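Let's walk through this fold together, one piece at a time.

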Amino acid sequence: MFAALAAGAMMMFASCEKTPIVPSEDDDDTTAVSQSPEFRILVDTVDAVLEGADVQVAYELLNPAEDGTFEFTSPDWVSAFNYSDSEYFVFTVDANETRERSGEVVVKYSYDGGSRTIEQSFVIAQDGSEFDVFLNAKLAEGEYYYNCWSEGDYSPDHYYLTISDLGIWAMNGVNFTFTIVAPAPTQADIDNGTILVPEGTYPLDTTGATPPINNTLIDNPNIPGWTNNFYGIYVGNYMYDPRVGFCEGTLTVTQISETEWRMEASMIGEDGKTYGVLFEGVPDPLRYVHDR
């Protein structure tokens, strides 16, 4: 479902050349037009990858003024402008966790104490996710609950998995949380502290079946309408803002090497948006919780 992506250190997309812009001269100005600064950006559009990267943009500046300066106006996901190179601007484009996007960058060259300006622009077009909300996660962690219930309540043994960018309880961290009914860990994994979610494909079961259907994502059967499978940004005290429950979708867990795993999910939230998450790496073993 997800393609492996890698950000290049620099990239440039060339397009048709633009006509140089030379500011008009006052009639009594003795400076020859040919000696006035000429500034142009040599591309119309540059492309940026989904993960974000530094992007080079070719420009030309002829007859630079001693007091000439550049100013930049851009979308908030484009920053860190550098023009120390005489042929290229360098811009930093942030990672994109939403749909594809584009925005205009305006570059203004000012001189003669700021009284004269030349303005050029180009468009940055960035790849996006197929989801409304997407997280390229860095951590996978959680707990395995065994024989845990309150009197009169039924709570099946389950894996509680959180895939996140900063960690399950990190302030302002982005979390995708899943409650999984799957084959129990071995006694050796329990004893050695090496519990992991088993390989498998886990669709979200919304039937509320008791006992639950094996190899599915389940919600809490004791709290109608409460979902244990959700997207959230952690704000402290076990609270999330926003907290969006999932109403449809699938989590897939695959071991890709001796130590590395891929965990990916495609979900639909209660808000109607699509949510995607991908983790590739070494997950943290799940903590064993029992007899609570």
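What follows goes from sheets to cores to salt bridges.

First, some ground rules: this is a predicted model, where local features need pLDDT of at least 70 and side-chain atom pairs count only at pLDDT 80 or more, while totals for chains, interfaces and linings use all residues. Residues are numbered from 1 along each chain as its sequence is written, and side-chain values use heavy atoms, with hydrogens and water left out.

Start with the sheets. Strands of a sheet pair through backbone hydrogen bonds, either parallel or antiparallel. The strand names used here come from DSSP runs (E, at least two residues), numbered from the N terminus, and two strands pair if DSSP finds at least two bridges between them. Zoom in on S4 and S7 (residues 101–111), and you'll find an antiparallel pair held over five bridges. Phe72 sits opposite Val107 in S7.

Another open sheet of four strands runs S1-S3-S6-S5, and here the pairing is antiparallel. S1 (38–41) and S5 (78–82) are the edge strands, each pairing on one side only. Ignoring direction, neighbouring strands in this sheet are turned by 30 degrees against each other on average. S3 (residues 53–62) and S6 (residues 88–93) pair in the antiparallel sense over six bridges, and Ala53 has Val93 in S6 as its bridge partner.

Now look inside. In soluble globular proteins, nonpolar side chains tend to be buried together. A nonpolar core here is a set of buried Ala, Val, Leu, Ile, Met, Phe, Trp, Tyr and Cys residues joined through side-chain atoms within 4.5 Å; buried means under 20% relative accessible area, exposed over 50%, and partly exposed in between (1.4 Å probe, protein chains only). The largest core has 32 residues, and Ile163, Phe178, Ile180 and Leu251 touch the most other members. Strands that each supply at least two residues of this core include S9 (133–137), S12 (174–181) and S16 (239–255). Leaving out residues up to four places away in sequence, Phe178 touches Ile163, Leu217, Phe246 and Met267, among others; contact means heavy atoms within 4.5 Å. Another core, of 22 residues, lies apart from the largest one, and Val43, Phe70, Phe89 and Tyr111 are among its members.

One joins Arg99 to Asp132, with the closest N and O atoms 3.1 Å apart. Arg99 is in the loop between S6 and S7, and Asp132 in the loop between S8 (116–126) and S9, 33 residues apart. Arg99 is partly exposed at 38% relative accessible area, and Asp132 is partly exposed at 27%.

Glu143 and Arg287 form another, at 2.4 Å between the closest N and O atoms. Glu143 lies in S10 and Arg287 in S19 (residues 287–290), so this pair ties together parts 144 residues apart in sequence. Glu143 is buried, at 16% relative accessible area.

Methods
Axes fitted to C-alpha atoms, helices over the stretch in contact; angles between N-to-C directions. Salt bridge = Lys/Arg side-chain N within 4 Å of Asp/Glu carboxyl O.
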